[in-house]
Each structure stands twice: as C-alpha cells, then as structure tokens.
Amino acid sequence: MNLNKSQEIAVKSNDKNILILAGAGTGKTYTMIARICRLVNEGINPKSILALTFTNAAANEMRQRYVKLNISKIQPRFMTFHSFCYNVLLYDEAVRNKLQYEVCPKICSEEDERLIHNKVKSQLKIKLSQKQLQPNGKRTKKEDLEYNIFKKAVHNLLLNEGKITFDILSEEICNLFSIDDPSILKYKKLIKYLFVDEFQDTDPIQWKFVQSFKDANICLIGDALQAIYAFRGADDSIIRKIAYDDKWTKIKLGEN
C-alpha cells in the first residue's frame with residue numbers, strides 16, 4: 001500500500017485512543033481501511049472490529065475498499081450508527097424486551113412520523129414550533145418540560161403501533177450501551193476495535209456510546225470544518241475538545 005508519512009503513522013500506531021484529523025482529499029478513508037487491514041493481517045479477529053459512519057453510501061464504500069485490499073472471508077462490520085442499532089434490535093430478543101417490544105418494530109417513514117407528531121401536538125395542545133421540537137432546538141426550561149411530555153407521548157404511541165423512528169432507535173440503543181445495561185455487555189466483550197468515520201457529525205448521545213467502550217481501542221477520523229449534520233443534533237464541539245485532550249493521540253493528515 002502506498003502511504004505518505006502521516007498516513008503511515010496513523011496506520012501503524014498502537015495507541016489505544018487515536019484521533020485522526022483529516023481534511024478533504026487527504027485520504028482519510030483509505031488510511032482507516034489500511035489500518036483495519038493491518039490489524040486483520042496481524043491476526044486480529046475481524047468480528048472484533050466495528051467501523052461506524054453516517055450514510056449507507058459511506059459504509060458501502062468502506063466495505064468495498066476493504067474487500068479490494070483484504071481477501072479474508074470474514075469481514076469487519078462496516079455500518080451506519082442507525083444500521084448497527086437496528087441490527088441489535090432486530091436480532092437480540094433481550095434488547096427488544098428491554099425496550100418493551102415483543103417483535104422488532106418497523107422504522108417509521110417520514111410521512112408516518114409527521115402524522116404522529118401532528119396527532120400528539122393536537123391531542124396535547126403542544127404549541128412548540130417544528131424547530132423547537134428538534135433535539136437541539138432552542139427552548140426555555142418551561143418549553144423543555146413541554147418538549148419532554150411531547151417526546152414521551154410520541155414514544156408511547158409508536159410503541160403501541162409497533163413502530164420506531166431512527167432518532168428514537170439511536171437514542172434508546174446508545175443509552176443501553178452508555179449505562180452498561182446487562183443486555184448489551186456481550187457486544188462490549190466482542191468489539192475490541194471501534195472506528196468512527198466522519199466523527200465531526202456525531203451527536204452527544206453517540207459520543208457517550210463510543211466512550212462506553214472503555215476496553216476497546218478507539219480510532220476517530222474527522223474534520224470539524226466538514227460538519228454537516230448540526231440540524232439533527234450533531235455537535236462538532238466534541239471533536240474540537242478531543243483535539244486538545246492529552247488522553248488522545250492526535251495524528252494530522254495534511255497531504256492532499
């Protein structure tokens with residue numbers, strides 16, 4: 001593999017917590033896949049490696065790049081946060097029971113979610129605007145109380161209908177990991193290497209999920225200047241804080 005000096009440092013580092021700061025065109029995905037291939041070639045079980053990102057296209061691209069560079073039959077898991085959470089819910093009865101679902105719920109369409117929101121707003125006479133009903137919406141303390149009532153009512157309605165939204169799915173599953181719920185400890189034991197691509201787009205709940213893997217080697221890849229998901233609660237201040245945290249090894253990819 002052709003690696004420049006900074007990419008080679010990122011690929012070969014054995015530090016436990018690594019933050020790779022990589023701007024556009026610096027080969028961050030290539031570097032991450034090269035690092036994963038290095039681990040597998042050194043004998044690390046691919047099943048113990050989880051690489052997370054934010055779009056299906058990005059997850060598929062990581063998978064395809066890995067296949068081109070590594071012929072092992074067993075592959076690491078390349079997934080979005082949402083697909084990882086849904087797979088846990090789909091295949092794990094203990095987790096479903098914990099979240100009060102007898103069978104795996106269906107993901108709500110945007111139209112279904114809009115109708116449910118309108119129904120709850122009408123029934124409870126919620127006066128908050130659509131922006132205020134977003135997780136990162138600006139609200140007073142009084143409005144926060146109204147928001148939490150709305151949020152709980154929506155959740156209960158979805159539960160009764162056997163449905164779930166992507167936001168609730170992510171929040172519920174990530175929270176189980178954050179509190180080390182017994183139902184998810186087997187995943188903590190299995191996953192020894194956790195990668196997060198486009199880390200600047202994580203939200204606080206997802207960051208707590210990542211931090212909960214205390215025994216895993218964690219590699220974060222991102223660039224605060226490329227944050228694009230603030231509208232759904234992503235917080236690029238997280239990556240900025242880590243960039244000044246001495247507990248993390250920082251490696252900058254600066255060569256275009």
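Me: Which strands does helix H1 (residues 5-12) lie across, and what angle describes its run relative to S8?

Reply: The model is predicted; local features require pLDDT of at least 70, side-chain atom pairs count only at pLDDT 80 or more, and totals for chains, interfaces and linings use all residues. Residues are numbered from 1 along each chain as its sequence is written, and side-chain values use heavy atoms, leaving out hydrogens and water. Helix H1 lies across strand S1 (17-22) and S8, at about 145 degrees to S8. Angles run from 0 to 180 degrees between N-to-C directions, with axes fitted to C-alpha atoms, for helices over the stretch in contact; contact means heavy atoms within 4.5 Å. Helices (H or I, at least four residues) and strands (E, at least two) are DSSP runs, numbered from the N terminus.

Me: What makes S6 (residues 193-196) and S7 (residues 217-222) a pair?

Reply: Pairing requires at least two DSSP bridges between two strands. S6 and S7 share four bridges in the parallel sense, so they meet that criterion. Val196 has Leu220 in S7 as its bridge partner.

Me: Why do S3 (77-80) and S8 (249-253) count as edge strands?

Reply: The open sheet has six strands in the order S3-S2-S6-S7-S1-S8, with parallel pairing. Strands S3 and S8 each have a single partner strand, so one side of each lacks a neighbour in the sheet.

Me: Why is Ile149 called partly exposed?

Reply: Buried means under 20% relative accessible area and exposed over 50%, with partly exposed in between (1.4 Å probe, protein chains only). Ile149 has 46% relative accessibility and is therefore partly exposed. Its place is in helix H7 (residues 141-161).
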